[in-house]
Amino acid sequence: MGSDLKIEVDGAIAVLTLNRPDKRNAMSDGLLAEIDGFFQAPPEGVRVAVITGAGGHFCAGLDLSEHVSRDAEATMHHSRGWHDVMDRVQSGGLPVVSALTGAVIGGGLELATSTHVRIAEPGCIFQLPEGRRGIFVGGGATVRVGRILGADRMTEMMLTGRKYGTDDAVALGLAHYGVGAGEALPRALEIAAQIAQNAALSNYMMIQGVARIHDMSRSDGLFVESLCAALAQTSPDAVEGLAAFLDKRAPSFR
Ligand code: 1HE
């Protein structure tokens with residue numbers, strides 16, 4: 001792996017650090033490809049990923065210095081490429097926790113909202129400044145940020161280019177936890193370790209099932225929920241989880 005994405009594996013947890021601090025971790029095509037490479041083939045034994053950024057910022061969005069030279073066709077393909085990578089982060093099979101500091105801007109917010117648990121330090125900037133740059137979102141924000149905020153609030157966020165701070169982001173659901181300075185990564189590791197102890201199939205159903213069911217009609221969603229339940233509830237880990245509860249002991253999952 002190149003140096004734009006630092007990957008450290010400790011047991012069941014992989015920590016991915018966006019590592020272009022001089023560029024506020026702006027997302028170059030190279031960095032995007034490295035993220036994709038990790039999620040296409042996570043190292044054996046990894047059950048949860050944590051994503052963070054080096055140098056006090058999570059990600060300042062699309063690398064604007066690369067963007068200037070793309071025509072419409074290339075921009076379409078580029079945007080669809082982002083969608084593929086963000087889908088892999090969200091639905092590639094691993095629960096993903098993000099530790100957020102500083103800029104969570106544009107494509108940085110698109111990446112963050114592809115993760116399942118978002119932990120933000122004081123001083124984060126959540127912004128969609130595309131309108132200010134004469135461009136539009138292209139990495140999935142209309143779907144992911146739009147579903148968190150609602151179309152109305154996202155439209156206002158884009159039109160005005162407003163910056164939400166950490167407390168507002170937590171209140172709006174852009175982040176799930178607000179923590180103190182220097183605490184995002186330690187808390188992310190703690191939560192990742194907790195998630196890694198869940199039964200793998202339950203985790204899989206949560207990250208695959210819930211968002212998909214949200215896209216379905218009520219009746220299709222309820223049917224798929226029952227299918228997920230039928231698979232999870234009849235797994236060996238379900239037998240162990242229920243037995244452990246009744247025995248008043250911690251479960252030992254596969
Ligand atoms: C960059 C980028 C970038 C910084 N692409 N180079 N994203 C944005 O519109 C956000 C643009 N960035 C900023 O608003 C600010 O840089 C920050 C608030 C993130 C940080 O400010 P600051 O004062 O700490 O740093 P800086 O001096 O502005 O930037 C430091 C360097 O990083 C500087 O390069 P240098 O060579 O002059 O040192 C900046 O040019 C560089 N840099 N951000 C390229 N984004 C799939 S579509 C998604 C569409 C989008 O994501 S649009 C939103 C893009």
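On the domain 1 side, Ser91, Gly93 and Arg147 supply 48% of the area buried against domain 2, more than any other three residues.

This is a predicted model, where local features need pLDDT of at least 70 and side-chain atom pairs count only at pLDDT 80 or more, while totals for chains, interfaces and linings use all residues. Residues are numbered from 1 along each chain as its sequence is written, and side-chain values use heavy atoms, with hydrogens and water left out.

## How the domains meet

The protein chain splits into domain 1 (5-196) and domain 2 (200-247), with bounds from an automatic or database domain assignment. Their centres, taken over C-alpha atoms, sit 27 Å apart. Ten residues from domain 1 and eight residues from domain 2 make the contact (heavy atoms within 4.5 Å).

Arg147 turns up again here: its side chain meets that of Asp215 in a salt bridge at 2.1 Å, N to O (a side-chain nitrogen of Lys or Arg within 4 Å of a carboxyl oxygen of Asp or Glu). The count between the two domains is one salt bridge.

## A pair of Phe rings

Phe38 and Phe39 form an edge-to-face aromatic pair, 5.0 Å centre to centre with 85° between the planes (ring centres of Phe, Tyr or the six-membered ring of Trp within 6.5 Å; planes under 30 degrees apart are stacked, over 60 edge-to-face, the rest tilted). Phe38 is buried at 3% relative accessible area, and Phe39 is buried at 4% (buried is under 20%, exposed over 50%, partly exposed in between; 1.4 Å probe, protein chains only).

How values were computed:
Buried area is the accessible area (1.4 Å probe) that two parts lose on being put together, summed over both.
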